[in-house]
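User: I would like to go through this model in short questions and answers. Please define each term where it comes up.

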Amino acid sequence: MSPVDPGKWPRLVVTGTDVTPTQADEIIIRTTDLNWLTCNDPEWENAVNVAFGIVNDRIGDALQRTRNLRVRYLANKRIATSWIGGPHGWCDWTGAVGTNTYNLGKWPAPEVVVAEWATIAAAFPYLELESWLVADEGAGSVAAHWGVRAGKVEALPLGEPPPLPDEFDTHTMIYAGILDHGSRHGVTLERLYSAIARTERGAEGLERCPKTTS
């Protein structure tokens with residue numbers, strides 16, 4: 001157990017090797033929390049639900065079709081978000097892997113977060129990254145440090161993360177969020193449909209793979 005309590009809102013810091021945009025499609029679709037496809041634009045929320053084939057808030061079929069990993073703390077919010085800072089996550093649509101701009105969530109237990117990294121590592125064995133939790137919204141000490149590589153996650157010495165960014169200009173963020181619903185959209189519908197279809201085709205390909213017997 002870490003000697004440092006992450007607290008209520010620890011900062012998530014991630015650095016890593018970029019992936020391809022095609023790989024990013026699958027990572028984002030499979031790490032999206034389908035229970036929280038919400039923002040301040042009901043029209044966009046509806047369009048996103050239609051893209052996933054979600055009807056009457058029933059997400060079970062979409063979870064299965066996209067092989068969603070059902071992660072909570074490490075979900076990428078690149079499609080729709082109500083956060084004033086806009087779409088965010090540790091992987092973006094270009095394939096860039098990394099973040100140091102947002103807090104992970106309320107009271108995350110390190111053992112839960114590392115279990116989610118283990119799930120992500122197993123699903124995407126090409127991922128190479130390091131992740132830190134920094135207490136007190138990024139102003140405190142490092143509470144956890146992990147490495148993800150070759151489908152595995154391991155604990156690393158706490159050390160220090162890369163320098164954190166300057167604080168957000170809160171007034172600018174609030175102004176932009178009120179005036180521009182589009183700032184809560186992380187992707188075009190065309191790219192979203194393509195990413196969902198690619199992810200579903202990947203699931204179909206796995207089902208067609210011949211099973212080996214021992």
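Burial, fold and packing

User: At 59% relative accessibility, is Ala150 buried or exposed?
Analyst: This is a predicted model: local features need pLDDT of at least 70, side-chain atom pairs count only at pLDDT 80 or more, and totals for chains, interfaces and linings use all residues. Residues are numbered from 1 along each chain as its sequence is written, and side-chain values use heavy atoms, with hydrogens and water left out. Buried means under 20% relative accessible area, exposed over 50%, and partly exposed in between (1.4 Å probe, protein chains only). At 59%, Ala150 therefore counts as exposed.

User: Where is Ala150 found?
Analyst: Phi of Ala150 is near 55°, a positive value in a residue other than glycine. Helices (H or I, at least four residues) and strands (E, at least two) are DSSP runs, numbered from the N terminus. Ala150 is found in the loop between S4 and strand S5 (152–155).

User: What is the relative accessibility of Asp136?
Analyst: Asp136 is not a glycine, yet its phi is positive, about 55°. Its place is in the loop between S3 and S4. Asp136 counts as exposed, with a relative accessibility of 57%.

User: What pattern does the chain follow along the sequence?
Analyst: Of the 214 residues in the chain, 43% are buried. The chain has 6 helices and 5 strands. Along the sequence, the pattern is β-α-α-α-β-α-β-β-β-α-α.

User: Which residues of helix H2 are buried?
Analyst: An α-helix has 3.6 residues a turn, so residues three or four places apart point the same way. Just after H2, Gly53 takes a positive phi of about 75°. Within H2 (residues 42–52), the buried residues are Trp44, Glu45, Ala47, Val48, Asn49, Ala51 and Phe52.

User: How many disulfides does a search of the whole structure find?
Analyst: Cys39 is buried, with a relative accessible area of 7%. Cys91 is buried too, with 0%. A disulfide is a pair of cysteine sulfur atoms within 2.5 Å. The search of the whole structure finds 0.

User: Which residues have the most contacts inside the largest nonpolar core?
Analyst: A nonpolar core is a set of buried Ala, Val, Leu, Ile, Met, Phe, Trp, Tyr and Cys residues joined through side-chain atoms within 4.5 Å. The largest has 27 residues, and those with the most contacts inside it are Trp90, Trp117, Ile120 and Leu127.

User: Is the aromatic pair of Phe124 and Tyr126 stacked, edge-to-face or tilted?
Analyst: Rings of Phe, Tyr and Trp (its six-membered ring) pair if their centres lie within 6.5 Å; planes under 30 degrees apart count as stacked, over 60 as edge-to-face and the rest as tilted. The structure holds 3 aromatic pairs. Phe124 and Tyr126 form one at 6.1 Å centre to centre, with 50° between the planes: tilted.

User: Which residue's side chain makes a polar contact with the side chain of Asp61?
Analyst: Asp61 lies in helix H3 (residues 60–65) and is partly exposed, at 44% relative accessible area. A polar contact is a pair of N or O atoms within 3.5 Å; within protein, one must be able to donate a hydrogen and the other to accept it, and residues adjacent in sequence count only if both atoms are side-chain atoms. At 2.7 Å, the partner of Asp61 is Arg65.
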